[in-house]
Amino acid sequence: MSTVSLHKQGRIGVIAVDHPPVNAISQAVREGIITQINAANADDHIAAIVLIAKGRTFMAGADITEFGLPPKSPGFPQVIDALEQSPKPVIAAIHGTALGGGLELALACHFRIAHEGAKLGLPEVTLGIIPGAQGTQRLPRLVGLPLALDMIVSGKPITAQKAHQAGLVDGLVKGEADALPRAAIAYADKIISDGTAPRRLSQMEVAQNGSEADLLAKARADATKKMRGMLAPQKAIDALEAALTLPFEDGAAKERSILIACMASPQSKALQHAFFAERKAARLPKHAQNATPRPFNQIGIIGGGTMGCGIALACLGAGLYVTMIERDAEALKRARNSIHKSLDENLARGRIDKAAHTTQEALFSITTDMTALSKADIIIEAVFEKMEVKKSIFRDLDKVAKKGAILATNTSYLNVDDIASVTGRPADILGLHFFSPANIMKLLEVVEAKKTAPDVLATAMLLAKKIRKIAVIARVCHGFIGNRMLEGYLREAGLLMLEGAAPQQIDKAIRDFGYPMGPLQMIDMAGMDIGYMLRKQFPASRFDPNAYRVMNRLVEMDRKGQKTGAGIYRYEAGNRTPLPDSAVDKITEEEAQKAGITRRTISDEEIIDRCILSLVNEGARILEDRIAMRASDIDVTYLYGYGFPRWRGGPMFYASQRGLDKICDRIKQFGETVGTRWWTPAPLLQKLAQEGKTFTDFDAE
Ligand code: T1G
């Protein structure tokens, strides 16, 4: 079957691209478009050409799987020229998502119409590159510099409506998606009848009014702030600046040289890794790939606290029925008010419209009677993190839930096998570890217990997709993937503080690495009492004797963090800005003395390596234990759940890119200075380093 076909409708030649699933512009697509454009121009019966795509979307950009491989001819410039230089009018008919190279091909066409539900964007910066098919030169010529800057630097798509208002598309097609081909033919017929000449953007100038220098400067400042550490946004602005100052061909040449430089950057490799890692994480393990998910639309949630309400909102937003259980009238009232307040806020902020608000209100019910869950397809327990409390709930659920219902615990680190063991249906049980706030945070750890049935796992992954979560499959251990690795990260922060690094130095070093905030500011925000209580549940020998000296003392002084107005930092009333506190410095010095630690000046490099490589080393152990199936799943966990900078690809990709042999050596160095209990390279890390391999080579499925 041809990837690109040409058929005639009257005097219109329709070129259709058919390269599922998203019509990525592969070499075959590029070659096919050129072939069919030439054929259409050679056919005297054809007076105008429509470029359209089959399936769910217009072309969604260059074929990312070709990146990093030797370029395959024809390249984008040849396709672009074939379209724009066509003597016959070429109309792009857009539906779905016209992204990247897809939109750039549409810009090379002479006219564009779009279905009203379409989105149009140039997301290249999210892959660490810039639009490389002359989009940085044509878009500002068509819509002006402000919108071109906004679209290209942010990488965010716009709606067809906004595109039509801006003149990016010449016509909007309402109604069903299949109205688009007909509308495109009609539009082409009119172009012919009106004798409208092809409009070639490369022959236009960018409209300027003297404000361009300020616009560019503001765009640079905004990108520095909002896309901290990322190179591509700044490079995209360079290319847009060329569109203002250079003739089209020179601007296009400048764009190409910038694209090639970005393509070779470590950031673009990391961002492309992140793109595919997120999609790989959604794939079921072999033993569940043929399982049929169980149908669901009734969700039960036990517990209307922060987590329970967040989970409820995520389910309501996906159009699922939610029955919430609270233990008494007072708690029920609080939970119900919280849900309705959030829905009202979502409406007020335009996140949902009135119809959705009404629908979601109607989908929600709450009661103290657990038998109301007897019809639920999936029940999610979100109560206090105490094993006995959870076991009691699951014993009750075992009596109430219908046959075939899936019972999930939202525990963030407890043993799901133990919870399942108190029921008569362990195959129906797994963990669904949401991250707070559960209606906002994208990450969901789907914890497959020993006896979880394959179809239960498949159903959970489908639920995750339905509620728009990025799901990662974890197996059972203390803290699963994310929180198990977090222990070492916080341990090192605590030790570094004792050894001589001020909290603000530690947090700044990690922020400069690319995190939105450092570990100590994060723990102040979450509340140090959570970790304090958790550590009390385990023998002290499990933890480093010194790492939590300061934090424990602060909690015992009721300095738990932001929520008590003071923790590692102090906070002025109503302000979350962390302020260094000399009282904490004094406590730290006292605790260092008690621990017999001689404080010293510590470099930012050591801070970063001890915090980040503790993640990497524990991640390697998690792979050895087969708690995670893939190193890329660990990366996805940290990108979506813990703020790891996306342009570094995740802890495991970062380590692989730096070189596992270098990572091993650095860990051994810390073994000599900090202690081998925590700083001995994981066997898998040693092995891969010795073999000159990376974590990508290891599949722990
Ligand atoms: N190339 C190759 N494969 C792609 C792809 C692409 N551009 N986009 C998606 N896929 C695969 C994806 O890996 C998955 O595979 C399947 O398609 C479904 O994707 C010259 C240089 C279009 C909004 O950045 O944003 O053009 O896991 O699960 O949720 O200037 O895919 O099934 O095996 O994401 O419905 C610019 C990237 C490229 C768009 C659809 N374009 N794609 O989302 O499905 S650079 C992009 C997306 C460029 C030019 C430059 C989304 C989507 P598998 P999916 P979805």
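# Aromatic cluster, ligand shell and backbone details

One aromatic cluster is made up of Y489, F513, Y515, F644 and Y654. The model is a predicted one. Across the whole structure, a search finds 12 aromatic pairs. The ligand has 27 residues around it, with R56, A62, E104, G132 and R279 coming nearest. Two cis peptide bonds are described below, from P20 to P21 and between S73 and P74.

**Aromatic pairs in the cluster**

- A pair of aromatic rings is described by two values, the distance of the centres and the angle of the planes.
- Y489 and Y515 form a stacked pair, with 5.7 Å from centre to centre and 25° between the planes.
- This pair links distant parts of the chain, since Y489 belongs to helix α18 (residues 482–499) and Y515 to the loop between α19 (503–513) and α20 (519–526), 26 residues apart.
- Both Y489 and Y515 are buried.
- The rings of F513 and Y654 are edge-to-face, because their planes stand at 85° with the centres 5.2 Å apart, and a pair counts as edge-to-face when the planes are over 60 degrees apart.
- F513 is in helix α19 and Y654 in helix α26 (residues 651–658), so this pair ties together parts that are 141 residues apart in sequence.
- F513 has a relative accessible area of 3% and is therefore buried, the cut-off being under 20%.
- Y654 is buried as well, at a relative accessible area of 10%.

**Arginine over aromatic rings**

- The charged end of R648 sits over the ring of F513, at 4.0 Å from the ring centre; F513 is also a member of the aromatic cluster.
- The charged end of R279 sits over the ring of F275, 3.6 Å from the centre of that ring.
- R279 is also one of the residues that come nearest to the ligand.

**The ligand and its shell**

- The side chain of R56 has an N or O atom 2.5 Å from an oxygen atom of the ligand.
- For R279, an N or O atom of the side chain is 2.7 Å from a ligand oxygen atom.
- The shell around the ligand consists, by class, of 16 nonpolar, five polar and six charged residues.
- Strand β5 (97–99) and helices α3 (101–108) and α11 (266–281) each supply at least two residues of the shell.
- With three residues, α11 gives the most to the shell.

- E84 is part of helix α2 (residues 76–84).
- The relative accessibility of E84 is 1%, so E84 counts as buried.
- E84 and A108 are 24 residues apart along the chain, and their C-alpha atoms are separated by 4.9 Å.
- K402 is located in the loop between α15 (387–400) and β14 (406–409).
- K402 counts as partly exposed because its relative accessibility is 31%, a value between the cut-offs of 20% and 50%.

**Backbone exceptions**

- Most peptide bonds are trans, and most residues other than glycine have a negative phi.
- The peptide bond from P20 to P21 is cis, and its omega is near 5°.
- P21 lies in the loop between β2 (12–17) and α1 (27–42).
- S73 and P74 are joined by a cis peptide bond with omega of about -5°.
- P74 has its place in the loop between β3 (48–53) and α2.
- N23 is not a glycine, yet its phi is positive, near 55°.
- The loop between β2 and α1 holds N23.
- N23 is buried, its relative accessible area being 2%.
- D558, also a residue other than glycine, has a positive phi near 65°.
- D558 is in the loop between α22 (549–556) and α23 (582–594).
- At 44% relative accessibility, D558 is classed as partly exposed.

Key
Residues numbered from 1 in each chain as written. Predicted model: local features only at pLDDT ≥ 70, side-chain atom pairs only at ≥ 80, totals over all residues. Heavy atoms only, no water. Phe/Tyr/Trp six-rings, centres within 6.5 Å; stacked < 30°, edge-to-face > 60°. Helix = DSSP H or I, 4+ residues; strand = E, 2+ residues; numbered from the N terminus. Buried < 20%, exposed > 50% of the residue type's maximum accessible area, 1.4 Å probe, protein only. Lys NZ or Arg CZ within 6 Å of the ring centre and 35° of its normal. Near = heavy atom within 4 Å. Polar contact = N/O pair within 3.5 Å; in protein donor to acceptor, adjacent residues only side chain to side chain. Nonpolar A, V, L, I, M, F, W, Y, C, P; charged D, E, K, R; others polar.
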